[in-house]
Every structure is written in structure tokens, then in C-alpha cells.
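Please load the model in your viewer and keep a selection panel at hand. The stops below each begin with something to select.

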Amino acid sequence: MPDVLVVGAGPVGLTMAAELARHGVPCRIIDRLANPLPYCRAIGVTPRTLEVWDDMGIVQPLIDAGLWLRSTRSIVNQSPARDIKIDYSDLPYGPLGIPQPETERVLTEHLSRFNIPVERPVTLVSLEQDSEGITAQLTHSDGSTESAAFQYIVGCDGAHSAVRRLLAITFEGDHFPIDFMLGDVLLDCDLPRGMMLRSINTNENGPPDFFIAIPLPERNRFRVSMLAPSNTFGNSESAHGLQAERETPSLEQLQTVADRLLPTKTSLSDLRWSSLFRISMRLASRYRTGRGFIAGDAAHIHPPTGGQGMNTGIQDAYNLAWKMALVLKGNTSPELLDTYEAERRPVGADVVSRTRTQSEQFGRKEASQQERLADTQILLNYRGSTLSKNDVSEALENLPIQAGDRAPDCYGLHRENIRAPFRLFDITRGIDHVLLLYVGQFSAPGQAELVESLAQKLKMTPGPKCRLVAICSPGTERFDAIGATILIDRNNEFASAYAPGINTGYIVRPDGYIGYHARPITESAVLNYLETVALSSKAHNPPL
């Protein structure tokens, strides 16, 4: 019997179901729509989400279906156009543009490999929960009803989430008192492939007038967005003040804005889809009630500035899935699930606040490098989490990597008798915790034996599984430590990124964040940290 019901089969729900399956947890995923929506809603994919897809094993087909976003042509207050290159060459991935239907197609195909179909159309009508589980009442397309039991339910069903409503979770916030138009069109322009276009006329006393075009993989096709003329569509306020599509703007209305803002005549044609919507900024009061959870737009909605919405939701699911799997497999206490809200709700609050500020200041000032890096979601950390522990004598501010930080990738790692070098992500990929132990050179007597002993103890320790990877400096003589992965940091890239001392250890969580960091590390400390994860206590979580 499936342990989890995932409600909603957009990118967030598909990620949740696929990650549960990859971690060995059976689930069902339902959606109230008979078919996926064909419209190009979310487009931008951040470098961090590409790292998530890398770990899931699906980054290549998604990159193949998308288009790298390489630069932006910016026109502000009718000034001459300025081309700005997007350069994240120091990161594993740059930003990608991929239409949401393609994202959902690849994720659905990936999920099908676990023999989990998306059940459509199936509607969640009600749910009840107690200490033993969740009972959900479902309605199928033929009108039949079903009562199904699960251990947990996860609502990935969007801004108007039925799961959030049934869990009685409040969704407070407000909205911009203006409407925006979107369209999927062909543009008759000379933009290089992968270049975005934005033309802005600032307004000190109100929202800017703007025209933004994001390139799609199909040549000369763009997703355009702009301010809607006031009162053009009458009263467009939705019943709940949430994001909602209403009247459909015409090609002529989109063209009118392009004519006003673009310096050269640019024809729009072949309108495939358009919508009018009002942007809301809302954050759920909590992400969990008992055995019920929410993620993605069900938990947070905000302006589309910076392309944060879908990406934040995918990472919600990525955070929750490994924790839920450990609990359901009996490897940890159920209290581990409290860390989902403790870690992800502050992220949602930050995204809501930051995108609102960016939208209000849109066009008035150029984003700083730090702000641009924030939009990549690479800088996100969980330093305040109860799962993050530093055990070091140095001042933390002097260390480039701390517990709670994303574990950065590095290259040029070599393993004996394997010709091709490895990335660190090649080594940490998978569903287990990974202990990265920097040992420098194996010069101390018995050091290899100690590494092998620790590797064997990690295999026998109850709780979350943890693999040992020993990383050595160049020039280390060949040696064996059965049960451990031995790598040579031939180009000193690991040493440069992490600045470790001898016997520095990092326990990397299944979602790629560092849970434990020690200088020097001890066998007992490693085992104690893993026991802490297994016995996570709600009582020690920081207040929200």
C-alpha cells in the first residue's frame, strides 16, 4: 500500500513523488485536471535546481529540452540598448529556460520508471487524520468515490490548494493592485538565441511600464509579460485575491505595449496562449499540520521576478522527500519531519520579501552581483537548522564552508585505476548521507586502518546510512581502505573550495547540504551526529 498521497502533478508534485520513489517509498500522485496544461507558465530554471535534477539523474534530458539563457538586452527609459552577459562560469550550471510543459513531461517520464502513474482526473474531497495515518476521500472522473489510507499527505496543488484548505492552514498576505498580461508569441526581432529582452520606463510614483520577453527553445518564440492597461478588462479581482487567470488579452493588446516600449518596430504573431493575472504575495502560516504537508505554491506565492517560484517549490519537495523516506523506512524518529518547516518556511518568507522588493524597484536600479547570485539559489543555507552542527575551534566567519551550507562541487578528483576524473557531485549523488574526510597524505602510521574502521562502523550504524569518502592531497602513495571511496584531489580544487585542515570532515545530507562539520573529526562525533539525526527532537527546533 502506498505510504504517501501527493496531490498535484505540476513540477513540485512530480518532484515529490519521484524523490519518494527514488528513496524507496511507495506513493500515489493525483491531479484534478484530466490533462497537463499546455501553457508556458514557469520558464526559468536556477543553477541550484539544475543541481537537484543532476542528483535525481534527469538533468541531461531537461537541458536538452531547454535553452541556455545567455544574456539580456536592456532598454531603460528609451536609452540605447545595453547587452548584459549572464556569466555564472564558476558554478556547475548556468540558468536554463525550459517551458513548464516540457519540465512536466520529463519529470512524468522519470516517475513512470518507478511504475508510478499520475492518476487523472482525481479530486481530493476531504481528509481525516489521527495518530495512525491519513484517510483521504477521492472522487474519480466517472463520479465514483474512494476512501484511501496513507501515512502522510503532501499538497503540491497550487495557490488554491485543497490540501492547505482541508488542513486549515491560513494563507496570509496581499497583492499588487495592478494586472499583468502574459503571452506566448513569435517575435520578429534580431535577438541572438538565448538572449532575453526587457524595456522599462520607470515611474517614481507607481509601477514601471515594461515589456519583457523570455526566449523559448522554439526559434523566435518568446514568453512576453507586461503591465496591463488599467480597467482594460474590468474588475479582475479574484475571489480570494490569489493568482488567477481571467480574461485573455488579444494579440493586438500585447502589440500595443510592444509598440510603445520597443525602440524599433517589432511584430508579434502566432499567439498560442495569453492570460491576465494579478500577483499576490502570500505565505502559509505553517507548512505542516500533523501528517499533512504543503509545498510550492500551496505554501508561498510571490511575484515572478527572478524566476523563483517553481524553483523554490521543487526544492521544498527535495528537502521533504528524503526526510519523509527516512521516517517511513524506520531509520529516524518522526520528529525529523519538523525540520522541513523550520528550514523551508524561512526560505519561502525570504523569497516573498525579496521578489516583492525587486518588483517594486524594477528598473530603478541595477541588481548587484550579490542579488543576482541570490536568484541562482546557490547562496541558500540552513545554518540555523537543528540538523546543522559545527565542531571547530576556529572562528566560523573565517571558514568558507560551514554546517548548513550547500556543499559546492569541485573537479579533478581521481580514483586509482580509473582514467577519467570525477566531480564531487559524481561522488555525493544518491540517497545516502556522505562523509567527506580530508586526510591530506596518508603519512601517519595506521591512518588507512582508521579510515577503513570508520567505513565499516558507518555500515553497521543504525539510523541514516552514510558512506565514507576520503580525499587526499596530491602525491599521496597508493593505499587501500576497504569500504571507503579514496580520491586524490590532484588539482587541489577541493582544498581550494573547502579550505580543510588535516582530518577535516563534512557530512553531506542527501539534499546536498552540509549537516556536520568538524576540524578535526572523530569517529565518536560522526556516529553521535548521525544518532542526532535519527533522534531529531521537535523540542529543540527554533521558533518560527
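The largest cavity has a volume of about 190 Å³, where a cavity is a set of points, on a 1 Å grid over the protein atoms alone, at which a 1.4 Å probe fits but cannot get out, and lining residues have an atom within 4 Å of a point. Select Asp55, Tyr318, Phe425, Thr428 and Gly512, which among the 19 lining residues are the closest to the centre of this cavity. The model is predicted, so local features need pLDDT of at least 70 and side-chain atom pairs count only at pLDDT 80 or more, whereas totals for chains, interfaces and linings use all residues. Residues are numbered from 1 along each chain as its sequence is written, and side-chain values use heavy atoms, with hydrogens and water left out.

Volumes here are the space filled by probe spheres set on the grid points, which are joined across faces, edges and corners, and by this rule there are 2 cavities of 30 Å³ or more. The lining of the largest cavity comprises 8 nonpolar, 3 polar and 8 charged residues, with Ala, Val, Leu, Ile, Met, Phe, Trp, Tyr, Cys and Pro counted as nonpolar, Asp, Glu, Lys and Arg as charged, and the others, Gly among them, as polar. Helices α2 (47-56) and α10 (424-428) each supply at least two residues of that lining, and the largest share, 4 residues, comes from α2; helices (H or I, at least four residues) and strands (E, at least two) are DSSP runs, numbered from the N terminus.

Next, select the lining of the second largest cavity, namely Arg48, Val52, Gln315, Tyr318, Asn319, Arg344, Tyr382, Asp511 and Tyr513. The volume of the second largest cavity is about 40 Å³, and its lining divides into 4 nonpolar, 2 polar and 3 charged residues. The largest share of this lining, 3 residues, is drawn from α7.

Now colour α2 by accessibility: is this helix enclosed or open? Because 10 of its 10 residues are buried, α2 is largely enclosed by the rest of the structure, where buried means under 20% relative accessible area, exposed over 50% and partly exposed in between, with a 1.4 Å probe and protein chains only.

Move to Pro408, in the loop between β21 and β22 (413-414), which counts as buried at 12% relative accessibility. Leaving aside residues up to four places away in sequence, Pro408 touches Ile401, Leu424, Phe425 and Tyr498, a contact being heavy atoms within 4.5 Å. Pro408 and Gly512 lie 104 residues apart in sequence, yet their C-alpha atoms are 8.5 Å apart in space.

Select α13 (residues 523-534) next, and compare its end C-alpha atoms, 17 Å apart, with the 16 Å that its 12 residues should span at 1.5 Å a residue, which agrees; the expected span is 1.5 Å times one less than the number of residues. The buried residues in α13 are Ala525, Val526, Tyr529, Leu530, Val533 and Ala534, and what covers them includes α11 (447-460), β23 (433-440) and β27 (514-519).

Finish with the cysteines, where a search of the whole structure finds 0 disulfides, a disulfide being a pair of cysteine sulfur atoms within 2.5 Å. The sulfur of Cys156 is 10 Å from the closest cysteine sulfur, in Cys27, and so too far for a bond.

Key
On a 1 Å grid over the protein atoms alone, a cavity is a set of points where a 1.4 Å probe fits but cannot get out, and a pocket is an open set with protein on both sides within 12 Å along at least five of seven lines; lining residues have an atom within 4 Å of a point.
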